[in-house]
Structure formats: structure tokens, C-alpha cells
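Good morning, and thank you for coming. Please take a moment with the sequence and the structure before I go through the charged side chains and some backbone details.

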Amino acid sequence: MTDTDMNRGRGRGRDRDRKPKQYARLTHPLVRENGVLRRAGWEEALDRAAAGFARATEAHGPDAFGMFSCARSTNEMNYVAQKFTRVVMGTNNVDSCNRTCHAPSVAGLSAAFGSGGGTSSYQEVEDTDLIVMWGSNARFAHPIFFQHVLKGIHNGARMYAVDPRRTSTAEWADRWLGLNVGTDIPLAHAVGREIIHAGLANTAFVERATSGYAEYAAEVEPWTLAVAEQVTGVPAEAIRELAHAYATAERAQLCWTLGITEHHNATDNVRALINLSLLTGHVGRYGSGCQPLRGQNNVQGGGDMGAIPDKLPGFQDLLEPRNRAKFEASWNTVIQPRIGLNLTKMLDAIERGTLRAVYCIGENPAQSEADCEHTIARLGSLDHLVVQDIFLTKTAELADVVLPASAAWCETDGTATNSERRVQRVRKAVTAPGEARDDIAIICDLAARLGHDWKYADSEEVWNELRALSPDHFGMTYERLEELQGIQWPCPSEDRVEPPFLHGRLWEKDPERRGRAAPFGPVKHSPPVDVLDDLYPIRMTTGRRLDSYNTGVQSSGFASPLRRGEYIELSPEDAARYGVTAGEDVTISSRRGAVTAPVWIDPGLRAGLAFMTMHFPDEVDTNQLTIEATCPIAGTAEYKATAIRIDKLAVA
Ligand SMILES: Nc1nc2c(c(=O)[nH]1)N[C@H]1C(S)=C(S)[C@@H](COP(=O)(O)OP(=O)(O)OC[C@H]3O[C@@H](n4cnc5c(=O)[nH]c(N)nc54)[C@H](O)[C@@H]3O)O[C@H]1N2
Ligand SMILES: Nc1nc2c(c(=O)[nH]1)N[C@H]1C(S)=C(S)[C@@H](COP(=O)(O)OP(=O)(O)OC[C@H]3O[C@@H](n4cnc5c(=O)[nH]c(N)nc54)[C@H](O)[C@@H]3O)O[C@H]1N2
Ligand SMILES: [Mo]
């Protein structure tokens with residue numbers, strides 16, 4: 001029976017009566033007066049915004065300022081936003097929602113390969129023999145990439161899906177490995193051990209291109225198929241099959257997303273997967289690679305442009321004095337020689353009272369952060385909050401000044417960078433409504449009020465400034481980007497394009513290369529922080545549906561006959577066990593809070609596993625339930641593992 005059959009008549013009728021919140025497009029600036037936001041002119045709003053930043057840093061020093069930059073906006077905008085933070089405000093406290101999703105991928109890839117980018121290209125997924133989708137529901141969340149996956153399957157590739165839920169992506173796989181939430185390291189280690197014991201490791205590659213193999217082999221040794229079956233819930237024979245398929249494939253793509261990265265030990269999870277590519281040599285050559293599918297349209301670019309606390313534009317290390325000197329000369333400034341705070345740490349610093357003013361561009365942390373009531377209290381305690389968005393979000397409702405921006409994807413010129421590191425042009429197709437203005441123009445007007453007169457005639461001028469400072473982008477003129485329909489980084493030369501994959505050096509027979517070997521990460525299993533017990537016996541994971549986007553700000557306004565609102569999705573076994581039926585409202589409680597939502601029965605869920613989205617926070621605020629346990633290396637929260645209970649509503 002399909003889930004449509006199981007929920008027939010329960011969802012649609014009910015959903016017709018539910019009216020999702022329609023967000024108002026921002027058409028003019030707003031300022032807070034006597035506790036409420038009122039309409040203001042641009043001059044007044046910009047004066048107030050700039051004065052508040054100046055007050056906070058004059059009283060408490062430059063690190064009292066923090067920038068949340070926008071992963072939906074252009075590269076050029078992110079470049080200007082981080083320059084504003086470093087040059088005008090004098091701090092490295094700049095970050096974006098990369099922190100809530102793929103910061104662990106960047107950290108893990110950087111540790112192994114020295115670069116945080118996905119190692120291969122979309123075309124290679126069509127030209128490969130095996131695709132492993134690990135903790136990724138790409139059919140819903142990366143539909144364009146999934147078209148390449150489908151072509152790969154059409155061309156003969158086999159596919160494995162590793163996900164606690166039998167997702168829409170898993171439906172396309174040759175085999176679905178339904179593991180227990182938070183047991184990816186045991187599974188990956190058992191795959192690695194099996195590869196070693198079956199004599200299928202690529203020993204020549206391991207010897208030539210990697211380091212730390214002995215420690216890795218010792219770490220995986222206890223993870224026999226039988227032990228792993230017990231911990232992960234995946235049959236030993238399925239683990240063995242995956243190990244043999246991956247190790248014997250001529251070419252293999254290992255793709256992962258938030259099922260791996262939204263955990264308290266996320267960077268370790270990423271390392272555990274990368275280890276498998278090192279063990280088999282499935283990296284650094286055409287058709288084989290490690291591919292974290294990035295979330296927002298330009299979250300890759302935001303990081304590349306330096307809108308992160310530890311890197312300068314072009315992903316250049318901030319702690320390297322030569323890098324700082326180059327930017328200091330160009331920007332005529334002194335860059336703080338200390339790594340700034342990431343988004344997670346900025347929120348902590350607000351609570352400590354050391355961070356007093358935030359400039360939030362195109363982010364909605366009041367609804368997207370784990371344990372969001374806590375985040376709302378923190379944002380509410382700021383001396384000064386400026387929100388620059390295209391809609392009046394819940395975060396904007398907390399602001400002192402709200403600045404209306406044009407939407408980067410259709411009302412602005414610039415470039416954006418996708419998951420395969422391809423920089424592409426975006427063009428202004430329509431004019432922004434009302435008085436809404438370009439993100440870059442707004443930032444520059446604030447910079448001018450704070451004593452920095454930057455004049456950029458257009459986005460190309462910003463891009464050329466970046467190109468001159470970033471060797472990886474130097475060869476990408478706007479003209480070439482048009483002509484070649486996008487170019488992948490690295491692109492150091494104006495007359496060449498580089499191979500579509502990274503780390504080909506790992507295959508070079510270069511005696512000098514030893515020092516650049518890719519290290520294995522001998523990581524250990526660590527179960528989810530929010531433990532199951534008699535009071536909270538159900539494991540809930542959260543994620544996405546095809547027809548809605550993140551906190552719903554950009555997607556709840558349009559009508560879709562297919563879309564249903566928020567539900568608590570339960571397995572048929574759990575619905576029977578707790579005596580609840582499809583469509584019935586229940587209370588869902590965690591150690592942080594409680595919400596009410598109707599039940600949806602999903603036969604793709606195993607007993608003990610529940611699912612909710614984050615798409616309808618105005619109706620059901622899922623993040624009141626989630627836990628703030630974060631990865632110590634990357635700062636990402638464990639959105640994927642909450643302990644909950646469900647209760648029938650008391651009859652009045
Ligand atoms: N339609 C749509 N597309 C989107 C978005 C959207 O909101 N809507 N958001 C964009 C953004 S910001 C991002 S970051 C991406 C995210 O894209 P995905 O990461 O693909 O999306 P999710 O549904 O959050 O999580 C993926 C899967 O992880 C699984 N999972 C949960 N826990 C575990 C675990 O412990 N181990 C393993 N192996 N798997 C686990 C879940 O069951 C889920 O199917 O999507 C982007 N694309
Ligand atoms: N429970 C749970 N929570 C999660 C997750 C999960 O899987 N489960 N996933 C996490 C992940 S991966 C992410 S990325 C975050 C997302 O969290 P957020 O980034 O906070 O949420 P969004 O809804 O994507 O908010 C994007 C905002 O950008 C604005 N915007 C869009 N385009 C532009 C533009 O061009 N200029 C400006 N100035 N603004 C613009 C939109 O109007 C919107 O308000 O949520 C995280 N929260
Ligand atoms: Mo994301």
C-alpha cells in the first residue's frame with residue numbers, strides 16, 4: 001500500500017482548509033519606533049542602521065559586530081558583505097547558513113584534500129559505474145543534479161541509497177540501506193573493513209597518495225559485518241554488497257548531504273566517507289569522486305567569496321600572513337589576524353553579551369536554527385539588529401531596521417557558484433518592486449556612512465576586483481563565463497580550462513608528492529546526543545519535501561494542489577502502537593518544547609522513526625523540538641536526531 005492510500009482523504013481535504021502564511025514582499029524600509037516597525041525613507045533607515053553599528057563597536061570594540069551573509073545572493077554581494085565586515089567593521093565575524101548544512105563537508109574535505117570543494121562534476125555522474133547517495137534525498141532536494149543521476153542510471157550505473165527512510169531517491173536505487181539515525185560511522189567503517197579483509201583495497205593508491213592507513217585499519221577492525229548490523233540495523237549481507245560494489249567499480253561517485261552533516265559529530269561523519277574513497281582510489285580521476293551536494297543556490301560561492309570567518313576570498317587562509325598582506329594592500333586596511341566567530345559562535349556571543357549588533361542579510365535564523373525559541377531570545381537581546389531581506393520574515397519582525405532588497409536570482413546581475421564549483425552568470429530579468437534596492441548598493445551606502453567610499457559601477461567591477469585577488473577565479477572574465485556557459489574553479493588562466501575534477505595530483509608518480517598525501521581520518525562512532533528513553537522513545541529526523549523551501553518564506557506564498565502542510569510522519573507500526581490514525585492531531589514533545597501536528601502515515605519509515613519538515617514554522621514550529629548539540633569542528637547542529645514522544649490530544 002502506498003502512503004497516498006494510507007492517508008487518503010486525510011490530507012487533501014484538511015490541507016484545503018489550512019491557509020499557509022503569505023509573506024509580504026518588502027517594498028520600503030522600516031524602522032522600529034516605540035516597539036513597532038513603521039515605514040521610513042531610505043535616508044532615515046540607512047542613517048539608523050549605520051549609527052547602530054557604529055555605536056556598538058565604539059562602545060565594545062569591532063568584535064561586537066556580526067554579519068550573517070546570504071547564500072542565495074550573488075558572489076559579488078558576498079564579496080562586498082565580507083569586505084564590509086573586515087574593512088568597515090574591522091572584524092572577521094562573518095558567516096552564512098553554510099554553518100547549518102555543509103560546513104562539515106568543507107571542514108572534512110579541507111582536512112583530507114586541502115580544499116573544501118566537491119571533487120567532481122555533474123557530467124561525471126553520467127559517466128560512472130556506481131553512484132552512492134549517502135544521507136541525501138536528491139530527488140526532492142537536488143532535482144537538477146538528480147537528472148544527471150538518472151542519466152547515469154540510464155547509461156548503466158548502479159545506485160545505492162543509504163538513508164534511514166525509504167525516500168523518493170531510494171526508490172530509484174538498486175539497493176536501499178535503511179540504517180538507524182546517527183550510525184553512519186559504524187556503517188562506513190564496516191564497509192572499509194570488509195574492503196580491506198576481502199583484499200579489495202587499492203593498495204598502490206593507498207601507498208602512493210595517502211597517509212595514516214595503519215591507524216585507519218586499526219580503527220575499523222572491530223566493525224565486523226555482524227557488529228555493524230547490530231548497531232546500524234542494516235543486514236550484514238547488504239553492507240558486504242555495498243563494500244564489494246564500491247571497491248570493484250571501475251569508477252564510483254560518493255554523494256552525501258545533510259543525513260551526514262546535520263549531526264553533532266558531522267565532520268567525523270564526512271571523514272568516514274572520504275576514507276572509503278581513499279581506500280579504493282575513487283577520487284582524483286574522471287568518473288570517481290566525493291560530491292557533497294550543496295544546499296542553497298550560492299552557498300558554495302558565499303564561502304568561496306570569504307563570507308566565512310576563517311577564509312579570505314578565493315578560499316585563501318586568513319591566518320597566512322602573505323594572504324592578509326595581499327588583501328590589506330588592495331583594500332587599504334589592516335585585517336584582524338584572528339579567525340572570527342562562525343554563526344553558531346556568534347549566537348553564543350550574543351548570549352554572553354559580547355556581540356551586540358548584527359547585520360543579517362537574507363537569513364531567517366529565528367526559524368531555521370535548532371531550538372529556535374532560544375535563538376529568538378538571543379536575537380531579541382541585541383542592541384541593534386538590521387535585517388535586509390526580500391520578505392518580512394520572523395527574523396525581520398525582531399529588527400530595529402529592515403532594508404528591502406532585490407531578489408538575487410531575477411532582479412540582480414552577478415554570478416553564482418554551484419555544487420560542481422561552476423561559476424555562472426545571473427542576470428536581471430525584472431525590476432524589484434517598490435523601493436527595494438540591490439543588496440550591494442545598500443551595503444555600499446552603509447559603508448559610505450561609516451567612512452568608506454566604495455564606488456562600484458556594476459557587479460562586473462566587483463568581480464574584477466575579486467579576480468585580481470583570487471588565483472582560482474582569475475581566468476573567469478564575465479565574457480568567458482558567457483561564452484563557455486559557466487566555468488569551474490580552479491581557473492587560474494584566461495586561456496585555459498582545467499579538468500572537471502580536483503586532486504588529479506594524487507595519481508601523479510611524483511616523488512615530491514609525499515608531503516601532500518591525503519590523510520585518512522581515524523574517526524570514532526558517537527551516537528546522537530538526544531538519547532531515547534521511556535519518556536522520549538521515538539527518533540525523529542527532519543528534512544525536506546520537493547514542493548517547499550527551507551523556512552517557507554519563499555515557497556509558502558504560491559498555491560500548489562500537491563502540497564500538504566506540516567505533519568508528523570509515522571511508520572504504520574508506530575501509528576498502530578500509539579493508537580493514532582492518519583489526519584489525527586497529536587502533540588509532539590521533545591526535551592525542549594512541544595508542538596501539535598496531524599499524523600501522516602509513511603510506509604517508507606521503519607518502526608521507531610518519525611519525520612517532520614522545517615517548511616511550515618508559522619503553522620508548526622519544528623525547530624522548537626530540535627537540539628542545539630553542535631559539531632565542535634564545524635558548528636552544525638544535530639537537526640537530524642531528536643528524541644520525541646507523541647501523545648493523543650486530551651478530549652475537552
Ligand atoms: N525542495 C527543496 N529542495 C531543497 C531545499 C528545500 O528546502 N526544499 N533546501 C536546500 C538546502 S538548504 C539543502 S542544505 C539541501 C538539503 O538536501 P538533503 O540533505 O537531501 O535534504 P534533507 O531532506 O534535509 O536530508 C536528506 C536525508 O537525510 C536523511 N537522514 C536523516 N538522518 C540520517 C542519518 O543519520 N544518516 C543518513 N545516512 N541519512 C540520514 C533523511 O532521511 C533525508 O532523506 O536541499 C536544498 N534543496
Ligand atoms: N529542523 C531543521 N532545521 C533546519 C534544517 C533541517 O534540515 N531541519 N536545515 C538547515 C539548513 S540546511 C539551512 S540552509 C537553513 C536555512 O535557513 P535560512 O537561510 O535561515 O532560511 P531560508 O528560509 O532559506 O531563508 C532565506 C532568506 O533569504 C531571503 N532571500 C532570498 N533571496 C534573497 C536575496 O537575493 N537578497 C536578500 N537580501 N535576501 C534574500 C529570503 O526571503 C529568506 O528570508 O535551515 C536549517 N534548519
Ligand atoms: Mo542548507
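This is a predicted model: local features need pLDDT of at least 70, side-chain atom pairs count only at pLDDT 80 or more; totals for chains, interfaces and linings use all residues.

Aspartate 621 is buried and yet has no salt bridge. The nearest side chain of opposite charge belongs to lysine 394, at 4.3 Å. Aspartate 621 sits in the loop between β24 (609-613) and β25 (642-648). Leaving aside residues up to four places away in sequence, aspartate 621 touches Cys372, Lys394 and Val595.

Let me turn to the charges that are paired. How many salt bridges does the structure hold? The count is 43. I shall discuss some of them.

One is formed by aspartate 95 with arginine 99, where the closest N and O atoms are 2.6 Å apart. Aspartate 95 counts as buried because its relative accessible area is 0%, and arginine 99 is likewise buried, at 9%.

Another joins the side chains of arginine 356 and aspartate 383, at 3.0 Å from N to O. This pair links distant parts of the chain, 27 residues apart. Arginine 356 lies in the loop between α18 (343-352) and β13 (357-361), and aspartate 383 in the loop between α20 and β14 (384-389).

Arginine 545 counts as buried, at 7% relative accessibility, and glutamate 569 counts as buried at 5%.

Salt bridges can also share partners: Arg158, Asp174, Arg175, Glu237 and Glu241 are joined into one network in this way.

I now move to the surface. Which residues gather in a patch of negative charge there? They are Asp458, Glu460, Glu461, Glu479 and Glu483. Helices α23 (459-469) and α24 (478-483) are the elements that give two or more residues to this patch. Glutamate 483 is found in α24. With a relative accessibility of 61%, glutamate 483 counts as exposed, because the threshold for that term is over 50%.

Finally, the backbone. Most residues other than glycine have a negative phi, and most peptide bonds are trans. Where does this model depart from that pattern? Aspartate 371 has a positive phi, near 50°. Aspartate 371 lies in the loop between α19 (365-368) and α20 (372-380) and is buried, with a relative accessible area of 15%.

Histidine 503 is not a glycine either, and its phi is positive at about 70°. Histidine 503 is placed in the loop between β18 and β19 and is buried, with a relative accessible area of 10%.

The loop between β18 (487-488) and β19 (518-519) also contains proline 490. The peptide bond from tryptophan 489 to proline 490 is cis, with omega near 0°.

Methods
Residues are numbered from 1 along each chain as its sequence is written. Chains are lettered from A and ligands numbered from 1 in the order in which they are written. Side-chain values use heavy atoms; hydrogens and water are left out. Patches are made of residues with over 30% relative accessible area and no salt bridge: like charges are joined within 9 Å, nonpolar side chains (Val, Leu, Ile, Met, Phe, Trp, Tyr) within 5 Å. Accessible areas come from the Shrake-Rupley method with a 1.4 Å probe; for residues, only the protein chains shown count as cover. A salt bridge is a side-chain nitrogen of Lys or Arg within 4 Å of a carboxyl oxygen of Asp or Glu. Lys and Arg count as positive and Asp and Glu as negative; His and the chain ends are not counted. The place of a charge is taken as NZ of Lys, CZ of Arg, CG of Asp or CD of Glu. Helices (H or I, at least four residues) and strands (E, at least two) are DSSP runs, numbered from the N terminus. Buried means under 20% relative accessible area, exposed over 50%, partly exposed in between (1.4 Å probe, protein chains only). Contact means heavy atoms within 4.5 Å.
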